[in-house]
Amino acid sequence: MNIGTVNIPSRVVLGPMAGVTDLAFRTVCRELSGCYTVTEMVSAKALCYGDRKTRTLLQLGDGEHPAGVQIFGSDEACMERGAALALEQSGADILDVNMGCPVPKIVNAGDGSALMRDPDQAVRVIRAVIRGAAGVPVTVKFRLGWDKGSINCVDFARRMQDAGVAAVAIHGRTRAQMYSGPANWDYLRQIKQAVSIPVIANGDVFQGRDAVRILRYTGADMVMVGRGAFGNPWLLAQCAAALDGRDIPPLPPLSERCETAARQFELAMAQKGEKIACLEMRKHYAWYLKGVPYAAYWKEQICRMQTAQDFYTVTRGIQRELC
């Protein structure tokens, strides 16, 4: 599978998710599945202003190639410069543009999925990004449209292709839906029929067999896993196995899942320091315990973690009492 000039060895993509797919989580997912990874979305304006925190978001792991870096924005000049800076600072193989984020603070600034309301501006932005990328393949992620009364994803995909993007990724919901209701795969199939560039299908992939279903139904080239991976990095390996026709590996025992959570925590701590790693790991660790019987007490303890010692104390308690 090629995206532009870049060969992607896996048909499974870990979707870029703000506050979730940091370096630590991407590393764990990649180690388990060999999936293609993309950074959290990065503000092109922040890059242009030299924001130090933004640079941290761009950091790729050792051997994290091929990999993509994702930027967002709607100012053409800033996006062109931001594209060049993102690639220079990350060393990424592919540059992705976020035109799908539905969060109010993003769309109220005219960014993310707001660009689907102004396809002409979206094309100008993409052309600017392609100039800034200077030959590095550019992809774009978007939704079905702003709301059910303005679904324009098929024409939007054609225009992105005509502007020069190397692949498109589509979340099968409108901006108005946010993350509620079922994803509509019919439009993803129409997009695949309308363009010749690779199509990445995203929406409602929560089990390994869902990856097979979405690619078979839509004809898409790759599958993107999003919220299904929360606390479950094994889902990407299950999707890869299903697509390869191999037996789908079961979810590991809870004790092993705790060890993986510890691996993620240690990677985060090495990059961000103990305090931030503890704060950010609270939600991740709670996700690891989703569906585990009698885990309420330990989820409360997770919410109080402030030090690495707290993390390891909680982990030992879970392994002692719940495994």
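Colleague: What volume does the largest cavity have?

Modeller: The model is a predicted one. A search of the whole structure finds three cavities of 30 Å³ or more. The largest cavity has a volume of about 90 Å³.

Colleague: Which strand gives the most to the lining of the largest cavity?

Modeller: The lining comprises 14 residues, and those closest to the centre of the cavity are Tyr 36, Asp 96, Thr 139, Ile 200 and Met 224. At least two lining residues come from each of strand 4 (36-43), strand 6 (94-99), strand 7 (138-142) and strand 8 (167-171). With three residues, the strand that gives the most is strand 8.

Colleague: How many residues of that lining are nonpolar?

Modeller: Two of the lining residues are polar and two are charged. The nonpolar residues of the lining number 10.

Colleague: Is Ala 134 buried or exposed?

Modeller: Ala 134 lies in the loop between helix 6 (119-133) and strand 7. Although Ala 134 is not a glycine, its phi is positive, about 50°. Its relative accessibility is 67%, and the cut-off for exposed is over 50%. Ala 134 therefore counts as exposed.

Colleague: What is the relative accessible area of Met 178?

Modeller: Met 178 is in the loop between strand 8 and helix 8 (185-194). Met 178 also has a positive phi, about 55°, although it is not a glycine. Met 178 is partly exposed, and its relative accessible area is 29%.

Conventions: Residues numbered from 1 in each chain as written. Predicted model: local features only at pLDDT ≥ 70, side-chain atom pairs only at ≥ 80, totals over all residues. Heavy atoms only, no water. 1 Å grid on protein atoms, 1.4 Å probe; cavity = no way out; pocket = protein on both sides within 12 Å on 5 of 7 lines; lining within 4 Å. Points joined across faces, edges and corners; volume = space filled by probe spheres on them. Helix = DSSP H or I, 4+ residues; strand = E, 2+ residues; numbered from the N terminus. Nonpolar A, V, L, I, M, F, W, Y, C, P; charged D, E, K, R; others polar. Buried < 20%, exposed > 50% of the residue type's maximum accessible area, 1.4 Å probe, protein only.
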